[in-house]
Amino acid sequence: MPVHNSEIAETFEHLADLLEILGANTFRVRAYRNAAHTIRDLPRNAAEMVATGEDLSELPGVGEDLADKIAEIVETGKLGLLEETIQKVPETLTQLTTVPGIGPKRAKALLEALDVRSLDDLKEAAEAGKIAGVSGFGEKSEQAILHELAQARDVERRFRISTAEDFAEPFLAYIRKHNNVKKAIIAGSYRRRKETVGDIDILVTATNGKEVVEHFVGYEEIDQIISKGTTRSTVVLRSELQVDLRVVPEVSYGAALHYFTGSKPHNIQVRRRGVERGLKINEYGVFKGEERIAGRTEEEVYDTVGLPYILPELRESRGEIEAAESGELPTLIQLADLRGDLHAHTNESDGKSTLKEMALAAKELGHDYLAVTDHSKNARIAGGLDERRLRKQMEEIDRLNEEVDGIQILKASEVDILDDGRLDHPDEVLEDLDLVVCSIHSGFNLSESKQTERVLRAMESRYFHILAHPTGRLIGKRKPYPIDLEKILEAAKERGCYLEINSTPARLDLDDVHCRMAKDMGVKIAISTDAHSTSGLSNLRYGVDQARRGWLEPDDVLNTRSWSALSKLLARS
DNA sequence: GCCGTTTTCGGCCCGACTGTTTTCAGTCG
């Protein structure tokens, strides 16, 4: 059973959590977390690197010791040090640190004073009134713990970016109404356009922080006020979305925006460059001794550490600092670069809108072309089209293209990849289509090797153009099915096939890391909506966000091209 | 445990808020 990067990362994270509780050197703990971050985002399979004898200590944050530990995990499926550590501290003790207000120190204190080993133990102790007696805790702490436990709030809950937008944008508009507020912007992972966000970070510039905080906590959607000071505050909305506010003076805007946008590892890298140059960088500015030398804009902050401006989507500590230093930052794709949409449904299968409605809506968005890709017959629940109905739709598209100017409708299909890797339409139909989008809608529980083989076989068809939603995941609902994307990408490169970023906010499939992998391997990507109604066509921006996080440039994306240029690229021998 | 144009030891990003404390540790972002 091959070990995945995420498993190695989780092993290190788990060990870091336990070591932290044991009071280990914080820098040692951080080293495990840094390595976990590196491995998690690695655009290669660490297990394969071990197998081929590559030197993992070349990786950032991975030295001799951790390289050996990675090899141990890959070869044995476990880590001896983690097993030993679990002997010293209950494995479930880390559950306690998921309760807001309880960190590693207090978790350990509770273990030692009351033998609290799990969330259940914690609840019992709190209800029995034993917590308040523990040194460092008091009446308020006990009440706070009881309150948190009663909330049963899923602390790990993350919101899809589109959902977060629905709650965050009205709140931001409310904040802007206060006449003391000059600038107000949402920073954090939201600004980095991450596919999910854990909370919302709002940055405000104002002369009187206290007034702004008062206004902030007066928002009608607030369920709970966690903290409230003169420059910062944290609340939880009724939607369970946590929102942090930070108020800084105007001269600190750039430094605060940089600090508050993150990511944390990116910030640490930037600050370290500051330290190397004798500078201190915090949310108020860049300081040389007592003197503020920069901080009004983010550009200024980067400039003081010898870097050009780095776009928020790139700030994940995935090599962007090094790329910036050597002048090799990508020119990221923008929504306006896209000239059409290559995946959309009509009411002929499971869409809501008619062919003509979809065509007119795409034209309205400024598209030059729209591929109509209704399902094939295997997708019965989705009302998939058999050959006869598809032929009929193709004729309708011909008629529509005569009738409507300013948009070209492409004859296409989203063809099921059957369990054995065959495509769900005969070649005689496929050869008459402008575009063939292929995807998996059944048999999610095949083994990784079988699933991979299935797609590789499908790609042998000369009519196979684009692999849609390549991992089948639904964010927060369904994990990706096991599939070896590195092999798929190799085959795609070899055979002239392409992969999709599905822009549906619940999918965003490929994800950012695999987009980057595709780019590095020279496989171009289609950014498509998979719209099932006219309104779904405007989801393209979420796909663009994901593409930008994957470092994609206009040339890396299929549908930045005119249809005549794109059709040449699609022609296979 | 990592790392190096202040290198093989001695550093390692930085500050606000809370609660339990009498000056600060713990937590969080």
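How many residues of the surface near DNA strand B are nonpolar, how many polar and how many charged? The structure examined here is a predicted model, in which local features need pLDDT of at least 70 and side-chain atom pairs count only at pLDDT 80 or more, while totals for chains, interfaces and linings use all residues. Residues are numbered from 1 along each chain as its sequence is written, chains are lettered from A and ligands numbered from 1 in the order in which they are written, and side-chain values use heavy atoms, with hydrogens and water left out.

The surface near DNA strand B comprises 17 nonpolar, 14 polar and 20 charged residues. In this count, Ala, Val, Leu, Ile, Met, Phe, Trp, Tyr, Cys and Pro are nonpolar, Asp, Glu, Lys and Arg are charged, and the others, Gly among them, are polar. In total, 51 residues surround DNA strand B, and the closest are Arg-30, Gly-63, Gly-103, Arg-106 and Arg-271; a residue is near the strand if one of its heavy atoms lies within 4 Å of it. Of the atoms of DNA strand B that come within 4 Å of the protein, 75% belong to sugar and phosphate.

Several elements contribute at least two residues each to this surface, including α2 (26–40), α4 (64–76), α8 (139–151) and β5 (222–228). Helices (H or I, at least four residues) and strands (E, at least two) are DSSP runs, numbered from the N terminus. The most comes from α13, with 6 residues.

A backbone N or O atom of Gly-61 lies 2.7 Å from a phosphate oxygen of DNA strand B, and for a backbone N or O atom of Lys-140 the distance is 3.4 Å.

Turning to the protein itself, an open sheet of 3 strands runs in the order β8-β9-β10 with antiparallel pairing, where pairing requires at least two DSSP bridges between two strands. Because β8 and β10 stand at the edges with a single partner strand each, one side of each is left without a neighbour in the sheet. Strands β9 (residues 285–288) and β10 (residues 291–294) pair over 3 bridges, with Val-286 opposite Ala-294. In their hairpin, 2 residues lie between the strands, and Gly-289 takes a positive phi near 65 degrees.

Conventions
Polar contact = N/O pair within 3.5 Å; in protein donor to acceptor, adjacent residues only side chain to side chain.
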